[in-house]
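Please read the following explanation alongside the model.

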Amino acid sequence: MLNNIGIPGLLLIAVVVLVLFGRGKVSSLMGEVGKGITAFKKGVKDGSEEIEKASAEKARDVTPEDEKDKA
């Protein structure tokens, strides 16, 4: 059913939403959506940095003690 919504259908939906809610409400809603996307991206970035930091802490030098002096 939703597979065949084209550009005209999306424009019609946008016009109906704009008429029902008004320009100010739609504008503030889109601003909140943008803030949510930004917060999500920041959370994903912080999570990946935390994982990298944890894996870096686990990584350690496994060279035998007598081999370290030769290098």
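A salt bridge is counted here when a side-chain nitrogen of Lys or Arg lies within 4 Å of a carboxyl oxygen of Asp or Glu. The model is predicted, and side-chain atom pairs count only at pLDDT 80 or more. By that criterion, Lys42 forms a salt bridge with Asp46, and their closest N and O atoms are 3.4 Å apart. Both residues belong to helix H2, where a spacing of 4 residues separates Lys42 and Asp46 by about one helical turn. Lys42 has a relative accessible area of 55% and is therefore exposed, since exposed means over 50%. Asp46, at 35% relative accessibility, counts as partly exposed.

The search of the whole structure finds 2 salt bridges. Glu32 and Lys35 also meet through their side chains, with an N to O distance of 3.8 Å. These two residues lie in helix H2, which covers residues 23–58, and they are 3 residues apart, about one turn of the helix. Lys35 is exposed, because its relative accessible area is 56%. In general, side chains of opposite charge can pair when their charged atoms come close.

Next comes the nonpolar surface. Ile5, Ile7, Leu10, Leu11, Leu12, Ile13, Val16, Val17, Leu20 and Phe21 make a nonpolar surface patch of about 970 Å². One of these residues, Leu20, is located in helix H1, which comprises residues 7–21. Is Leu20 buried or exposed? Its relative accessibility is 64%, so Leu20 counts as exposed.

Key: Residues are numbered from 1 along each chain as its sequence is written. This is a predicted model: local features need pLDDT of at least 70, side-chain atom pairs count only at pLDDT 80 or more; totals for chains, interfaces and linings use all residues. Side-chain values use heavy atoms; hydrogens and water are left out. Patches are made of residues with over 30% relative accessible area and no salt bridge: like charges are joined within 9 Å, nonpolar side chains (Val, Leu, Ile, Met, Phe, Trp, Tyr) within 5 Å. Accessible areas come from the Shrake-Rupley method with a 1.4 Å probe; for residues, only the protein chains shown count as cover. Buried means under 20% relative accessible area, exposed over 50%, partly exposed in between (1.4 Å probe, protein chains only).
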